[in-house]
Amino acid sequence: MKYVVVTGGVISGVGKGIIASSTGLLLKTMGLAVTMIKIDPYMNIDAGTMAPTEHGEVFVLGDGGEVDLDLGNYERYLNITLTRDHNLTTGKIYQHVIQQERAGYYLGQTVQIIPHLTNAIESWITRIAKIPVDETGAEPDVCVIELGGTIGDIENAPFVEALKQLRMRAGVDNFLHIHVSFIPVVNGEQKTKPTQHTIRVVRSAGLHPDLIACRCVDMIDDSTIQKVANHCQVEPSQVIAVQNVQSTYLVPALLEKQGLVQSMTELLRLAPSPVRMAKGSKMWEKWKTITSIRDYRQTVSIALVGKYTNFLDSYISLIRSLEHSAMVCERNLKLVPVDSSHLESGTQSTNPEAYNQAWQAVRSAQGILVPGGFGSRGTEGMINAIKWARESKTPFLGICLGMQLAVVEYMRNVCNRPTATSAEFDGMATDPVVIYMPEIDRAKMGGTMRLGVRPTRFQAGSEWSKVRKLYAGSMLGSLGEGIDGLQAPGSLPAESALTESAIATAADPVIQERHRHRYEVNPACIQSLEDCGLHFIGRDDSGQRMEVLELKDHPWFVAVQFHPEYISKVLSPSRPVLGFLAASAGCLELIENVHMV
């Protein structure tokens, strides 16, 4: 097993996650099997109880693990499926060691940070690194490890010591360390002193970076690279310049141009087989084709109506899934964040300017997206936006809370039950159309929701469904390189058409999507809603839990209880998000007929 460790210094948020993901992708383009581990030095067991407005979104893995958003980047870039154990936190490793001590594992020893905690960290990494994470089922060749925070943070010390142990035990040619630093620009001059300082800190901790990735807003001057090399006692070829680029999807190509592939090949003595290299090269060409920045002729505007819009990292997977779909639809994405509370009548009197701006954004958008969230704040504004989308025939997608509120809106305004609401907002509600799931533990918060991959079964008679057609196409594989030049479905290969009849012959189609919720549509209200024209086309295995709803007489009115954005990939966009964006852009018919190759 070979290891690539990515650490950071100077400032947080320097881009370690994207550089680590890009490094993993480049290794995969060489035909290697790659896995990734994220170390977070916080005391939380996982990210599940952390505020999205401070920490960013909580990413949910297939096994239900609630983890740092960087693991979402890993899965999206490398097309792999990780587990909760691929995210190691201080809280998790301390809990592990204490449980072992209580069980008598240490046989009377005085349990200490060194060697017991550091040994446990090293053992955890070497064990998890061997777990297959892609469709081949092969044991990984390389494990990329990202250490969160910055070197020198007191909470990072045990992990740094453990990584030092790992380097020694892995042996020569099996361990590569990339340290990410920041080059600030002061009065027009690129400054290297912060990088010099962070390298001294790293080396004093016992780690010796093989490569220094220098982040900068602008392109880094050759003289700056030479200065870093001189003062940090490395060769200029060991300094990687990573300036800001138009899209994070361009970072892998930037690193390749900087010679990262060659450096890793030499330092790790990599020699993948020609067959695997050819396969990796083909995937890399697809990536570069679909992520290449082109000035598309048309733009699609999407209003993201949510309650965490002041910090868009709260919706990072959803934004990425929109980007994936926009690339396939060959449209420039114009994302317009709308604070849902500004759409409420109370704001009209207290802040009329914000109210008018919010409604202008919603009414002028080509598509309206209502994402997940928790609590009652801003939910009436979301309901107002959903009502507008339904009545104005504007394409709409609701996710998790967005689906629940779509049901509330429909019950109030179509089924004529104006007091309909969710038990999440009113525990004493007389007409709760959304209720707390009975199996959920109300006494605890962490890890108690309905989490991870769950099956959704499309119902008989739903062959007309637009979203079902797209899922049927996904059974054939991932998407090709967009729809450039396709003017009409007739220009496509005949065998690529996804017709209703073809889908109807599929026996009981089932999809697998990731969930994160505590509330569900009240089963007692389903018949009333369907009698009024709301179709629940997807349900769980029991048939009692609603998963997908859709309206027939609408360009695109779809809502899902799961989070489709979690499994969206650059080369295989989420089907509900793809359909929504295509409907908003006016190219849904083309997407429905694109061959899924």
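The legends below describe close-up views of a predicted model.

**View 1. An open sheet of 3 strands with mixed pairing.**
The strand order is S16-S17-S20. Strand S16 (421-422) and strand S20 (519-521) are the edge strands, each pairing on one side only. Between S16 and strand S17 (residues 432-436), the pairing is parallel and covers 2 bridges. Thr421 has Pro432 of S17 as its bridge partner.

**View 2. Helix H16 packed on the sheet.**
Helix H16 spans residues 401-413 and touches S16, S17 and S20. The direction of H16 makes about 155° with that of S17.

**View 3. The aromatic pair of Tyr105 and Tyr106.**
The model has 9 aromatic pairs. One of them joins Tyr105 and Tyr106 in an edge-to-face arrangement, at 5.2 Å centre to centre and with 90° between the planes. Tyr105 has a relative accessible area of 54% and is therefore exposed, the cut-off being over 50%. Tyr106 has a relative accessible area of 7%, so this residue is buried, for which the cut-off is under 20%.

**View 4. An aromatic cluster.**
Three residues, Tyr77, Tyr249 and Trp287, make up one aromatic cluster.

**View 5. The charged end of Arg127 over the ring of Trp124.**
The charged end of Arg127 is 5.3 Å from the centre of the Trp124 ring.

**View 6. The charged end of Arg363 over the ring of Trp388.**
Here the charged end of Arg363 lies 5.5 Å from the centre of the Trp388 ring.

Methods
Residues are numbered from 1 along each chain as its sequence is written. This is a predicted model: local features need pLDDT of at least 70, side-chain atom pairs count only at pLDDT 80 or more; totals for chains, interfaces and linings use all residues. Side-chain values use heavy atoms; hydrogens and water are left out. Two strands pair if DSSP finds at least two bridges between them. Helices (H or I, at least four residues) and strands (E, at least two) are DSSP runs, numbered from the N terminus. Contact means heavy atoms within 4.5 Å. Axes are lines fitted to C-alpha atoms, for helices over the stretch in contact, and angles run from 0 to 180 degrees between N-to-C directions. Rings of Phe, Tyr and Trp (its six-membered ring) pair if their centres lie within 6.5 Å; planes under 30 degrees apart count as stacked, over 60 as edge-to-face and the rest as tilted. Buried means under 20% relative accessible area, exposed over 50%, partly exposed in between (1.4 Å probe, protein chains only). A charge sits over a ring if NZ of Lys or CZ of Arg is within 6 Å of the ring centre and within 35 degrees of the ring normal.
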